[in-house]
Amino acid sequence: MEKQRLDKIIASTGRWSRREAKELIRQGRVLVDGVPARSAEEKAEPESSEISVNGEALRYRRYTWVMLNKPAGYLSATEDGRGRTVLDLLPQDLRRQGLFPVGRLDKDTEGLLLLTNEGGLAHDLLSPRRHVDKVYYARVSGRLTEVDCAAFDAGLRLPDGLVCLPAGLEILSAGEESEAHVTLREGKFHQVKRMLAHLGKPVLYLERVRMGPLALDGALPRGAFRFLTENELEELRRFDNPTKNIKSSPKTQ
Ligand code: URA
């Protein structure tokens with residue numbers, strides 16, 4: 001791997017900004033292969049050099065993955081001349097790393113949105129062939145019934161021609177307004193809203209609560225983000241390649 005500036009390598013972990021990394025180096029708290037680094041401009045090979053900060057070995061991450069609790073009012077885009085995008089919710093250091101949202105949530109939809117600069121895995125997670133489940137909490141106008149659940153289960157055909165894959169509808173409460181968890185294995189434009197509107201139960205509020213193996217972190221305030229943990233990343237990668245989940249079993253005679 002190509003050598004990179006030390007402050008860049010340290011900031012790539014997401015724990016420190018470039019400015020903080022420079023300060024740590026200035027204070028002599030960064031060692032490269034056991035030798036105190038002298039300047040932020042010093043270059044090192046991120047994967048093979050042994051870099052430590054405050055005595056703790058640094059785990060270099062080639063790619064950045066963050067979980068954002070998206071608030072309403074932000075577009076799932078990297079830039080938009082007209083409005084705020086989810087990138088505006090991230091600090092400058094992260095924006096510079098070329099992050100993009102993994103799929104889209106509507107401007108008024110809230111909840112779990114992953115952002116990364118790892119194109120390959122992001123693309124795989126979005127591929128319809130991967131069937132990555134996305135779970136939404138929906139509040140709708142009107143009473144949801146078992147008939148609606150059966151229609152979701154059978155796969156809806158919308159008047160505009162969209163044929164939906166079988167989807168899950170789990171009713172949480174039913175009344176003049178109802179609440180449900182909707183599980184989709186695909187992600188067509190406004191899909192949850194279109195499906196529920198077709199059943200005569202327009203969506204009043206929508207929040208994504210799960211994507212594949214990752215649930216929205218309940219401790220993450222709306223508008224805040226955090227880095228994915230090593231375990232979460234491991235789960236995403238395993239999910240991406242399901243064969244890694246298959247344990248070999250003894251052959252039967
Ligand atoms: N379905 C929708 O209708 N909107 C979203 O934001 C996500 C799924």
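Which residues surround the ligand? The views below take this up. This is a predicted model, in which local features need pLDDT of at least 70, side-chain atom pairs count only at pLDDT 80 or more, and totals for chains, interfaces and linings use all residues. Residues are numbered from 1 along each chain as its sequence is written, and side-chain values use heavy atoms, with hydrogens and water left out.

**View 1. The shell around the ligand.** L105, D106, T109, Y136, H190, Q191, V192, K193 and L206 surround the ligand (a heavy atom within 4 Å). By class, 4 are nonpolar, 3 polar and 2 charged. Here Tyr counts as nonpolar, and Asp and Lys count as charged. Helix α6 (residues 191–198) gives the largest share, 3 residues. Helices are DSSP runs (H or I, at least four residues), numbered from the N terminus.

View 2. A polar contact is a pair of N or O atoms within 3.5 Å. An N or O atom in the D106 side chain lies 2.7 Å from a ligand nitrogen. Backbone N or O atoms also take part: one of H190 is 3.2 Å from a ligand oxygen, and one of Q191 is 3.4 Å from a ligand oxygen. The protein covers 95% of the 240 Å² of accessible area that the ligand has on its own (Shrake-Rupley method, 1.4 Å probe).

**View 3. Domains around the ligand.** The protein is divided into domain 1 (4–57), domain 2 (65–128 + 213–248) and domain 3 (133–211). These bounds come from an automatic or database domain assignment. Domain 2 and domain 3 each supply at least three residues of the ligand shell. The centres of domain 1 and domain 3, taken over C-alpha atoms, are 49 Å apart.

Definitions and conventions:
Polar contact = N/O pair within 3.5 Å; in protein donor to acceptor, adjacent residues only side chain to side chain. Helix = DSSP H or I, 4+ residues; strand = E, 2+ residues; numbered from the N terminus.
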